Amino acid sequence: MNIIQRNNVQHLKAQTADAPTLIYGHGFGCNQDMWSKVTPAFTEHWHQVLFDYVGSGRSDANAFHPARYAQLEGYVEDLLEVCDALELSGDLTFVGHSISCSIGILAWCPPTRLPLSPGSSLTASARPIQSWLMPSLRPPSSPISARRCHCARCPA
């Protein structure tokens with residue numbers, strides 16, 4: 001099956017070919033539309049990738065297999081397959097909302113291979129993105145941001 005269609009992937013290109021890439025992962029009960037107020041701010045200098053996890057949004061519902069998606073690793077595979085289908089590598093920043101924080105961390109840790117370069121970052125927010133955009137609310141003072149994995153599977 002075509003991964004781009006299966007996950008309803010949208011690849012928004014920046015004005016410059018060598019721009020870094022943002023890939024957005026939504027939370028459960030959401031879809032890629034949740035990023036619609038965020039993406040316009042990055043259109044000039046960032047390539048942006050939006051997708052729906054299988055079972056969400058406009059993904060292919062026929063691709064949902066309970067055994068695969070019974071654990072987060074099924075969603076990790078969705079993320080990695082999207083990256084592979086778009087041949088993403090280099091300066092890539094993953095932005096995950098809610099459960100996508102965990103999905104992104106699992107994708108980054110060995111033995112998986114989220115193609116983040118050494119200078120890239122993994123950013124996650126448990127706070128809904130809409131509250132970041134409301135003028136009366138400020139973003140959290142320290143969103144989770146890591147340059148190196150610290151899970152039990154990775155060397156210290």
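Contact here means heavy atoms within 4.5 Å. With that in hand, here are some notes on this predicted model, written for someone meeting it for the first time.

1. **The overall layout.** The protein chain has 156 residues, of which 43% count as buried. Taking the contacts with a separation of 6 or more, 73% are between residues 24 or more positions apart.

2. **Glu 81 and its neighbours.** Now look for helix H3, which spans residues 72-85 and includes Glu 81. Which residues does Glu 81 touch, leaving out those up to four places away in sequence? They are Ile 3, Arg 6 and Arg 68. With Arg 6 there is also a polar contact, formed between the two side chains at 2.7 Å.

3. **How H3 meets H4.** Stay with H3 and bring helix H4, residues 99-108, into view. The axes of H3 and H4 are 9 Å apart, and the two helices pack at an angle of about 70 degrees. Angles from 65 to 115 degrees count as roughly perpendicular, so that is the description that applies to H3 and H4.

4. **The residues between these helices.** On the H3 side, the residues that meet H4 are Leu 72, Glu 73, Tyr 75, Val 76, Leu 79 and Leu 80. Their counterparts in H4 are Ile 99, Ser 102, Ile 103, Gly 104, Leu 106 and Ala 107. Sorted by class, the contact of H3 with H4 has nine nonpolar, two polar and one charged residues.

5. **A closer look at Glu 73.** This residue belongs to H3 and is among those that meet H4. Is Glu 73 buried, exposed or partly exposed? Its relative accessibility is 44%, so Glu 73 counts as partly exposed. Glu 73 and Ala 107 are 34 residues apart along the chain, yet their C-alpha atoms are separated by 8.3 Å.

6. **Two positive phi values.** Most residues other than glycine have a negative phi. Glu 87, in the loop between H3 and strand E4 (92-97), has a phi near 55 degrees, which is positive. Ser 98 is not a glycine either, and its phi is positive at about 55 degrees; you will find Ser 98 in the loop between E4 and H4.

7. **Accessibility of those two residues.**

8. **Strand E3, covered on both faces.** Finally, turn to strand E3, residues 47-50. His 47 and Val 49 lie on one side of E3, Gln 48 and Leu 50 on the other, and all of these are buried.

9. **The partners of E3.** Which strand pairs with E3 in the antiparallel sense? That is E1, residues 10-12, over three bridges; here Gln 10 stands opposite Leu 50. Strand E2, residues 21-25, pairs with E3 in the parallel sense over four bridges, and Leu 22 has Gln 48 as its bridge partner.

Key
Residues numbered from 1 in each chain as written. Predicted model: local features only at pLDDT ≥ 70, side-chain atom pairs only at ≥ 80, totals over all residues. Heavy atoms only, no water. Polar contact = N/O pair within 3.5 Å; in protein donor to acceptor, adjacent residues only side chain to side chain. Axes fitted to C-alpha atoms, helices over the stretch in contact; angles between N-to-C directions. Parallel < 35°, antiparallel > 145°, perpendicular 65-115°, else oblique. Nonpolar A, V, L, I, M, F, W, Y, C, P; charged D, E, K, R; others polar. Buried < 20%, exposed > 50% of the residue type's maximum accessible area, 1.4 Å probe, protein only. Pairing = 2+ DSSP bridges.
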